[in-house]
Amino acid sequence: MFGKVFGRGGERPAGDPHALRAPLVRKNGMYTLRGLGDARVLAAVEAAAAGEWEGVKAGLAAFDLGRDDLVLGELAESDGVQDWIGRAVEEDKEHRATALLISGTRHIIWGWEARTSARAVDVTRDQWRVFYERLRIAEEQLLEAAESRPDWVTPWRRLLTSGRGMSLGTAVNETRLDAALRRAPLDLETHVEWVSHLQPRWNGRPGEALAFAREAFAGAPDGHRLGCVIAMAHIENWVESDDKNCLIAPEIQDELLETAERSILHPAYERRPGWQRDFNMFAMALSLASERIAMPRVFRELKGAYTEWPWRYMAHPEKMYAGARRNA
């Protein structure tokens, strides 16, 4: 199995026996990161794609799915998981909470696939119906998982997404945010989800998301990945703006540079599976801001590793990554 997932050629990073080798053959000097760059995660994802529940559990043995949203997301993104995960929920009593967590998360993603990324006015009645049906299932499963495992943060982080999609209102979503942050006050994925929630397209107020991001990172230790929330807040502002040069401003460039140096470029930053996604968040924000100091360092550390998030905000994400990399 591990010979298969590592593939042939390339170099495995020193000091990490589970890190996947980067491919030697690349397009435009870049490659798409698989399985968070970790052989165990990729093995679990491949087992999920094949409908092999025992293989999924074996791959997850080294991870805490209740606290690691990146690993959870890799599994839930696997097309077809919804076709078999229900059997694991019903039959595997010992791991029912884990199966519920995966299934609920998959139903949110599956629901958004039915809705598509179209504007609300362009979504058909049938698409809305399927969207809400899948999100209702997700809500039931995630709430049961959260009740079964009160220490888990990932159900609450994912319930923020379903709550936003179902328009459950500020009170409900703020309660879920509080539940997540009580369990993991510095959880990046919870903060990034709330930054999306605070956007004007979801009835937030201009500037609210960036203020939230700044306050959150101000309380984080040096080297913490929570700095990515500031990069994402700027990216979200760019998405909302009609001016695609809106981030090209000295004060924004300075903030992104300072934040990168205190988070992902700090010596205390820990490179866990999926660290390349953190760097991709900064890479996109820095490139949109035309920042020239941190951006070359970030792309140099990535060595061509591309993650779909957050570049999928762009019409041609891989092309834009390649262009930003060349310009770094």
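Helices here are DSSP runs of H or I with at least four residues, strands are runs of E with at least two, and both are numbered from the N terminus.

Before going on, please keep in mind that this is a predicted model: local features need pLDDT of at least 70, side-chain atom pairs count only at pLDDT 80 or more, and totals for chains, interfaces and linings use all residues. Residues are numbered from 1 along each chain as its sequence is written, and side-chain values use heavy atoms, with hydrogens and water left out.

Axes are lines fitted to C-alpha atoms, for helices over the stretch in contact, and angles run from 0 to 180 degrees between N-to-C directions. The crossing of H12 and H14 is left-handed, that is, the near helix is turned anticlockwise from the far one by less than a right angle.

Which residues touch? From H12, they are Cys 228, Ala 231, Met 232, Ile 235 and Trp 238, and from H14, Asp 278, Met 281, Phe 282, Met 284, Ala 285 and Leu 288, with contact meaning heavy atoms within 4.5 Å. By class, this contact of H12 with H14 has 10 nonpolar, no polar and 1 charged residues. Nonpolar covers Ala, Val, Leu, Ile, Met, Phe, Trp, Tyr, Cys and Pro; charged covers Asp, Glu, Lys and Arg; the others, Gly among them, are polar.

H14 also meets helix H13, residues 250-262: the axes come within 10 Å and cross at roughly 160°. That makes H13 roughly antiparallel to H14, and the crossing is left-handed. Here Leu 256, Leu 257, Thr 259 and Ala 260 of H13 meet Phe 282, Ala 285 and Leu 286 of H14.

Finally, look at helices H6 (residues 96-115) and H7 (residues 125-148), whose axes come within 8 Å and cross at roughly 160°. Their contact has 15 nonpolar, 8 polar and 4 charged residues.

Conventions. Parallel < 35°, antiparallel > 145°, perpendicular 65-115°, else oblique.
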